[in-house]
Amino acid sequence: MGVSVREYARRRGVSHTAVRKAVQTGRVPQEPDGTIDPVKADAAWDAQTDPARRAAAPPPSMPSPTPKPSSSPSLQRETVPPLPSTSGATFNQARTAHEVAKAQKARIQVDRLKEEVVDRARATALVFKLARQERDSWVTWPARIAGQMAAEVGIEPHLMQTLLETHVRAHLAELAEIEPTFR
């Protein structure tokens with residue numbers, strides 16, 4: 001059997017409105033009879049509340065809103081079963097992920113300002129353009145060099161150009177089949 005919303009709010013040191021809102025949003029579980037189990041509710045409240053927004057600890061003269069266990073904190077964690085979270089992550093995990101994402105975004109912006117980051121679309125277009133120029137250079141090479149090679153070997157220039165074009169195109173076809181590997 002649990003305690004009422006007002007009693008839990010008094011123990012927790014918050015307003016009953018805050019407890020009602022926590023129950024409505026699913027941050028604090030309610031028993032089937034409408035009461036609140038303080039142990040389960042405290043665990044859920046602590047797991048899903050922003051640490052920066054938590055109320056300060058009461059002064060030593062006031063009684064603590066939640067009873068302190070006599071055992072060590074590690075034993076206490078083992079005895080309280082984890083509550084299923086509606087979102088799959090605790091507030092602290094979500095906050096950590098958010099802060100990591102903000103830090104990564106800031107690092108990328110700094111790298112852009114330092115001009116250490118390359119635009120992927122521009123880089124891809126440039127590589128394509130360079131590869132196309134290289135291919136075109138090789139395709140036109142046999143026509144430029146066939147006459148000189150034919151004179152050195154002593155054969156007809158047209159035959160030399162035809163042979164060179166055949167072998168260059170075969171080699172370019174082999175190169176076109178190579179799949180790039182990204183590391």
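Start by selecting α3: its buried residues (under 20% relative accessible area with a 1.4 Å probe and protein chains only; over 50% would be exposed, partly exposed in between) are Pro38, Ala41, Asp42, Ala44 and Trp45.

A word on what you're looking at. This is a predicted model, where local features need pLDDT of at least 70 and side-chain atom pairs count only at pLDDT 80 or more, while totals for chains, interfaces and linings use all residues. Residues are numbered from 1 along each chain as its sequence is written, and side-chain values use heavy atoms, with hydrogens and water left out.

Now zoom out to the whole chain. You get seven helices and zero strands (DSSP runs numbered from the N terminus: H or I of at least four residues for helices, E of at least two for strands). Of the 183 residues, 16% are buried. Take contacts (heavy atoms within 4.5 Å) with a separation of 6 or more: 48% of them join residues 24 or more positions apart.

Next, select Val3, Val5, Tyr8, Ala9, Val19, Ala22, Val23, Val28, Ile36, Ala41 and Trp45. These 11 residues are the largest nonpolar core (buried Ala, Val, Leu, Ile, Met, Phe, Trp, Tyr and Cys joined through side-chain atoms within 4.5 Å). α1 (5–12), α2 (16–24) and α3 (38–47) each put in at least two residues. Which residues does valine 28 touch, leaving aside its neighbours within four places in sequence? Ala22, Val23, Ile36, Ala41 and Trp45.

Then jump to a second, separate core of five residues, with Ile145, Ala146, Ala150 and Leu164 among them.

Last stop: the second largest pocket, with about 410 Å³ of space. A pocket here is an open set of points on a 1 Å grid over the protein atoms alone, where a 1.4 Å probe fits, with protein on both sides within 12 Å along at least five of seven lines; lining residues have an atom within 4 Å of a point. The volume is the space filled by probe spheres set on the points, which are joined across faces, edges and corners. Select Val127, Ala131, Glu134, Arg135, Leu172, Leu175, Ala176, Ile178 and Pro180 to see the lining. α6 (120–153) and α7 (157–176) each give two or more residues, and α6 gives the most, with four.
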